[in-house]
Amino acid sequence: MVVTVEATTTRGQNLPATELKTIHRACEMTLSLDRAKHLLTTYVQSRMNLFAPNLTALIGSLTAAQLLNFSGGLTGLAKTPACNLPPLGSKNNKAQTGFATNVGVRHQGFLYHSPIISGIPPDLKKQAMRIVSAKLVLAARVDRTHESPSGTIGQDLKQACLERLDKLTEPPPNKGARALPAPDDKPSRKRGGRRARKAKEQTAMTDLRKAQNRMAFGKEEKEVGYGTGEGTKGLGMIGQTNEGRIRA
């Protein structure tokens with residue numbers, strides 16, 4: 001990222017011979033240090049079954065070698081609190097200028113990239129690292145006291161971690177179909193008062209419409225309109241009773 005930004009903002013001038021020589025020497029030193037680090041990590045990784053058999057059985061030889069190299073040996077790792085293990089090996093956020101910062105897990109160190117954590121869903125990795133960190137410190141203390149050279153305690157700790165991780169990642173049990181609640185057939189309570197009565201009267205059926213929808217037995221219904229069929233409308237009982245005024 002830094003090289004790309006510098007390449008886009010450079011003026012295109014060649015470096016002096018002395019500065020170019022200094023840069024080449026720095027690059028060679030960086031590459032040699034990286035090769036030495038890789039050589040030491042490979043050697044420690046190959047000898048981890050002798051140094052820390054229980055720790056290797058729990059999290060693997062590569063992650064165990066990285067943690068021992070970072071913490072200063074078994075004594076330093078055994079004295080490290082479990083809550084301080086996930087940040088070990090994580091990159092500094094200040095140096096990652098321009099990269100995304102909305103990551104799910106903030107501490108992505110050696111333990112985050114270990115085989116036992118890599119298969120966990122992203123939303124559960126933080127809780128999984130807390131579980132493994134507690135067992136990891138116990139394995140480091142067992143190796144520090146040379147209590148189990150065969151690595152059986154490390155295997156037991158790994159099995160306990162896998163059981164808790166399987167319990168953590170398993171889907172919730174199906175509770176089955178629930179019965180519907182009993183229907184509530186009671187009429188809903190409505191607000192009364194003058195305002196509610198006025199609103200109800202606006203949509204209520206008028207007396208004129210009620211009389212039109214009724215028919216007298218044995219009497220001919222009067223019709224209004226032109227022609228026959230759909231061109232006329234029946235009046236029902238409108239005008240057949242002597243009740244005086246009618247609300248239209």
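In the predicted model, alanine 134 is partly exposed, with a relative accessibility of 37%. This alanine belongs to helix H8. Alanine 134 and cysteine 161 are 27 residues apart along the chain, and their C-alpha atoms are separated by 9.6 Å.

Helix H8 covers residues 125-144, helix H9 covers residues 152-169, and serine 148 is placed in the loop between them. The relative accessibility of serine 148 is 7%. Because buried means under 20% relative accessible area, serine 148 counts as buried. When neighbours within four places in sequence are left aside, the residues in contact with serine 148 are Pro53, Asn54, Val142 and Ile153.

Isoleucine 23 is located in helix H2, which runs over residues 17-46. With a relative accessible area of 40%, isoleucine 23 is partly exposed, because this value lies between the limits of 20% for buried and 50% for exposed.

Lysine 198 is a residue of helix H10, which spans residues 194-203. The relative accessibility of lysine 198 is 46%, so this residue counts as partly exposed.

Methods: Residues are numbered from 1 along each chain as its sequence is written. This is a predicted model: local features need pLDDT of at least 70, side-chain atom pairs count only at pLDDT 80 or more; totals for chains, interfaces and linings use all residues. Side-chain values use heavy atoms; hydrogens and water are left out. Helices (H or I, at least four residues) and strands (E, at least two) are DSSP runs, numbered from the N terminus. Buried means under 20% relative accessible area, exposed over 50%, partly exposed in between (1.4 Å probe, protein chains only). Contact means heavy atoms within 4.5 Å.
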